[in-house]
Amino acid sequence: MQRWAGKIAVVTGSSSGIGAAIVKDLAKAGMVVVGLARRVERTEALKNDLPEVAKNRLHALKCDISKEDDVLKTFKLVEEKFGGVDVLINNAGIVRQTDLLETDNTQKLRDVLDTNVMGLVLGSREAYQSMKKRSVDGHIVHINSVAGHKVLDYPKLNIYCASKHAVTAITETMRNELRNAGTKIKVTSISPGGVRTEIGGDAEIPAEWPILEAEDISEAVLYVLGTPPRVQVHELLIKPVGEVF
């Protein structure tokens, strides 16, 4: 991680769970971290969990990545205030509890796609433009899911699995575009199994299920970022021991 010291990392969905763990670990690792969230006050509060030397490295900006105007405005502010983006962690994601074939659920389905797919694409686009303009060999990391590689037979996931399958395909598409453009910008998909987070809303994880902690995924982010410039981790699949998915 030494080569990223003082560089700018943008993390979406930074207010809780995996995103909160990532912003704290990146700040402790020496990066200047900009956490994007709708609940920006929760990201600000994460400074209380950091050692004194790292507190000033964490900055919070309010952003709803499902809204293009918000994304454009926020990445422009990052450029003006911090100089640009060196690392982007696309962590923001949502689940809306509904069956795919239920009536009156159209907005819930759109919310999932707008956040999990379009938000990821728009953020990646703006980060890439920042990297290209400054000739930075940056890194884009997508927090994907095991649901991006198989369809889980789990109640009320609706279009979530499809949105994560899209992330898997988008990662490969970005890799091709980055290579064809002659850049050395990396893109990595990290696909966790069950993680103890707030993403499921009211859905309760059965007590007997094995589960990962948010810090397990943050450590994986540090690993892929810390690889030498010649190494690109394409896909990192992480499951708790004993998971059935």
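A cavity here is a set of grid points where a 1.4 Å probe fits but cannot get out. Keep that in mind for the first stop. The model on screen is predicted.

**Stop 1: the cavity**

The structure holds 1 cavity of 30 Å³ or more. Select T12, I65, N90, A92, T115, N116, L120 and K164 to show the lining. Now colour the selection by residue class. The lining of this cavity splits into 4 polar residues, 3 nonpolar and 1 charged. Which helix gives the most to the lining? α5 does, with 3 residues.

Two of the lining residues deserve a visit of their own: I65 and N90.

**Stop 2: I65**

Centre on I65. Look for the loop between β3 (58–62) and α4 (68–82), where I65 lies. Is I65 buried or exposed? I65 is buried, because its relative accessible area is 9%, and the cut-off for buried is under 20%.

Next, show what surrounds I65. Beyond residues up to four places away in sequence, I65 touches T12, V71, A92, D114, T115, G119 and L120. Among these, T12, A92, T115 and L120 also line the cavity.

**Stop 3: N90**

Move to strand β4 (residues 87–90), which includes N90. N90 has a relative accessible area of 3%, so N90 counts as buried. Show the side chains of N90 and S124. A polar contact of 2.9 Å joins them.

Leaving out neighbours within four places in sequence, its contacts are T12, L120, S124, I140, V141, H142 and I143. T12 and L120 take you back to the cavity lining. S124 and I140 lead on to the next stop, as both line the second largest pocket.

**Stop 4: the second largest pocket**

Select V121, S124, R125, Y128, I140, I170, T173, M174, E177, L178 and A181. These residues line a pocket with a volume of about 240 Å³. Colour by class again. The lining has 7 nonpolar residues, 2 polar and 2 charged.

Which of the elements gives the largest share? That is α6, with 5 residues.

**Stop 5**

Most residues other than glycine have a negative phi.

Start with S135, in the loop between α5 and β5 (139–143). Phi of S135 is near 55 degrees. S135 is exposed, because its relative accessibility is 67% and the cut-off for exposed is over 50%.

Then jump to K156, in the loop between β5 and α6. K156 is not a glycine either, and its phi is positive, at about 70 degrees. Its relative accessibility is 30%, so K156 counts as partly exposed.

**Stop 5: T227**

Go to the loop between α7 (214–225) and β7 (235–238), where T227 is found. T227 counts as buried, because its relative accessibility is 6%.

Display polar contacts from the T227 side chain. One runs to the side chain of K186, at 3.1 Å. Another reaches the backbone oxygen of V224, at 2.8 Å. Leaving aside neighbours within four places in sequence, T227 is in contact with R3, K186 and V233.

R196 is 31 residues away in sequence and 27 Å away in space.

**Last stop: cysteines**

Select C63 and C161. C63 has a relative accessibility of 3%, so C63 counts as buried. C161 is buried too, because its relative accessible area is 5%. A disulfide is a covalent bond between the sulfur atoms of two cysteines. How many disulfides does a search of the whole structure find? The search finds 0.

Conventions: Residues numbered from 1 in each chain as written. Predicted model: local features only at pLDDT ≥ 70, side-chain atom pairs only at ≥ 80, totals over all residues. Heavy atoms only, no water. 1 Å grid on protein atoms, 1.4 Å probe; cavity = no way out; pocket = protein on both sides within 12 Å on 5 of 7 lines; lining within 4 Å. Points joined across faces, edges and corners; volume = space filled by probe spheres on them. Helix = DSSP H or I, 4+ residues; strand = E, 2+ residues; numbered from the N terminus. Nonpolar A, V, L, I, M, F, W, Y, C, P; charged D, E, K, R; others polar. Disulfide = S-S within 2.5 Å. Buried < 20%, exposed > 50% of the residue type's maximum accessible area, 1.4 Å probe, protein only. Polar contact = N/O pair within 3.5 Å; in protein donor to acceptor, adjacent residues only side chain to side chain. Contact = heavy atoms within 4.5 Å.
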